[in-house]
Amino acid sequence: MTDNALYIDEMMDQYPAKPEYLIVILQDIQNKYGYISSDAMRLACDHVHVPMTQAYAVATFYQSFRLDPLGEHEIKVCLGTACHLKGGQRLVEDLERKLKVAPGETTEDMRFTLNTVNCVGACALAPVVSVDNKYHPNATAQKMEKVLKTLTDPSLAEMEGTGNA
Amino acid sequence: MHDNALAVESESLCLRSLDDLNRFRKQIMDKRDPDQPEIVVCHGTGCLANGSAEVSEAIRSALEASGIDAKVFPGIKTTGCQGFCSHGPLVVIRPQGIFYQNVKPKDAKEIIEKTIVQGDIVKRLLYKNPTDGKKILHEQDIPFYKRQTRVVLHNIGKIDPTDICDTIASGGYQALAKALTTMTPEQVVTEIEISGLRGRGGAGFPTGRKWRSALNAIEKKGRPVYVVVNGDEGDPGAFMDRTIMEGDPHAVLEGLILGAYALGANKGYLYVRAEYPLAIKHLTIAMEQARAYGLLGDNILNSGFSFDARINRGAGAFVCGESTALFTSIEGNPGNPRPKYVRSVEEGLWGRPTVLNNVETWANIPLIVNKGGDWYAAIGVPHSTGTKVFSLVGKVNNVGLVEVPMGVPLSTIVEDIGGGVPGGAPFKAVQTGGPSGGCIPYELKDTPVDFDSLTKAGSMMGSGAMIVMDNRDCVVDVGRYFLRFLEEESCGKCMPCRLGLSRMREILDNFSEGKGSEKDIEDLLSLSKAIQDSALCALGSSAPNPVLTTLNYFKDEYLAHVTRQKCPAGVCKNLITYQIDPDVCTGCTACAKQCPVSCIAGEKKKPHAIDTSLCIRCGICMDTCKFNAVNVI
């Protein structure tokens, strides 16, 4: 048994072997690994006694699940209504140009994953971009360029205005 | 935990009666000195993102370094969202109520030395009233707070949500103890009926009537019955429920337990968006503490009544805010709604009678049980009683959370409390009710904000998001935005929603490119009608609302796109051109450096120009320019 399988087995022990626990188990797997591999999904199915098709249906229905690995840094652009009005979509397009990936994709070198999120509920700070779960309020293309540079080379100056999400 | 947290002396923590609860409350109060200063730092999501955790840490360090006498040593308290998010991080010094805004960690030392030690004010941190330029000292005098009626939010910003003692001290769980010791379940249901409370999640169904139907269903089908909190606040632009769950989690829990008592339920669920990690954390802590104090679990307050609940994290599906989709999600399945020939109070979770209410609805229950249905019914207007919390966002000066009695005019919320649109122009429209709601134009600014008046205006209350738009916001673009959102979130089960919304969005895509004809507007109307009539659930049937209301109030703007290929608001990319005003441009070169396609040229310190044939209209030059020299034509 691999380390991952051991970890997952141990984690699943806290949940009864019932189909209703499928979603929460998949969530825990994703929180740990950033995505759900087919091996991990199989373990979850065995535990709660549902077929793989059922788990696949769940994992593809809900937006928060990923079936492929996450990059080293996850950039989530909020596209809530307030963020949309204040240029959230333009930020997405700018990041697409900079990272050369579409939303949902990861750069080839596995450094960055670009995602959009419906609303993080921090509308006073619109537009908001969350980078590795840190919110960047009143984001602009310029600010995001600095953030990307800092992530690529952490020795660069600390960016302003960050906090834990 | 807060300093005042203390165990029931010597015995176990468990409270066994109303007397126990009151004795415990008195113990907490006796240990407190009302004159002792308290520094309250907002730890809501907005303030945290602006660095309030660093501020509270800096205040703590500054206090320790100050050598203040232990007798007057102030407490530091971190609270849920205080609502005035656009001015965060917020720090309030109590008991005086001195209000500091935009506080940075470097201000901590001065706050301690001046305000706490010397009793002076740090003037530069005070809020400045934009209408007269005067600084305001106390939080209660700030217009944003002054015009509000904080009923549901009364504790938020005052209590530490991670400390049950703080909740109990401010009257938490009194309603539960009252109900368990002096009221029958029937009396609880009757009080809710008298209150006239309507569901705060969107549709506004009377809560008392819902509970009564559940009781009737139980009579037929027997128990078990379930009670569920709908905390899947998916409306983009809404964060009322998040704030309540984060800032006063025990209020939601107490409401749920009261509902369980009224209906005879022993098990409940709290379905909370996974995007709200802090809300989940605070609810989890609240439930652990309530269990430890005998307020949740077996034999609550020794009354013989047992009830427990668990949290289900959502997994990012908007449709799960719909009752039947939410139930299938709790059961571990994709959140597909089902037709509601049989209502969910009769056949809900696991096919059993189930009462599902929204977070804000549950948080109202303890207040009603405590003060009576008549008290509640006296607030607001007939048929829309009580208060409502709104998240006021978009193009408005005071972005934040606002609680007002039902029935106040829209202009009171947007202009008096919200401070109007930045720059002073009148607002163009206010979108209420999220993707299922509609736009209310400036001409209808006196519309009373209650369930029925909003519906009459073509919109709806929804969960309480209020998005203010100004003349730089395009109604076609907003319509596209909501349709694209719902198209992605549609579960795909029924055809009108799956295909109809895509077709509507395609028509609007064409409009935004200056294509299409007036005939398309007619098609849009008939398609809307068909979707409203035939979609399976409310996600689909209410989806045309934003388009229908904007077509009703802003038809000229649609026509400008279709017939003149113009976007009057300057938003739709294909219909606009960026231009640099040579009289304003200073030649600072900032825009040229940022332009991703290098289409801006010019000599340093001389006006620049955009090569429109290369321009991709990304808008970065306009965002970059500090002199407002870039215009859209």
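**Chain A and strand β17 of chain B**

Among contacts in chain A between residues at least 6 apart in sequence, 59% join residues at least 24 apart, two residues being in contact if their C-beta atoms, placed from the backbone, lie within 7 Å. The model is predicted: local features need pLDDT of at least 70, side-chain atom pairs count only at pLDDT 80 or more, and totals for chains, interfaces and linings use all residues. Residues are numbered from 1 along each chain as its sequence is written, while chains are lettered from A and ligands numbered from 1 in the order in which they are written.

Chain A contains 7 helices and 5 strands; helices (H or I, at least four residues) and strands (E, at least two) are DSSP runs, numbered from the N terminus. Their order along the sequence is α-α-α-α-β-α-α-β-β-β-α-β. An automatic or database domain assignment gives domain 1 (3-61) and domain 2 (73-164) in chain A, with C-alpha centres 29 Å apart. Of the 165 residues in chain A, 44% are buried (20 or more other C-beta atoms within 10 Å of the residue's own, with C-beta atoms placed from the backbone).

In chain B, strand β17 (residues 465-469) has 5 of its 5 residues buried. In a regular strand the side chains alternate between the two faces of the sheet. Ala465(B), Ile467(B) and Met469(B) point one way from β17(B), and Met466(B) and Val468(B) the other way.

Strands pair if DSSP finds at least two bridges between them. Strand β13 (residues 387-394) of chain B runs parallel to β17(B), joined by 4 bridges, and Leu392(B) has Met466(B) as its bridge partner. Strand β15 (residues 429-432) of chain B runs antiparallel to β17(B), also with 4 bridges; here Gln431(B) stands opposite Ile467(B).

Conventions: Buried ≥ 20, exposed ≤ 12 C-beta atoms within 10 Å, placed from the backbone.
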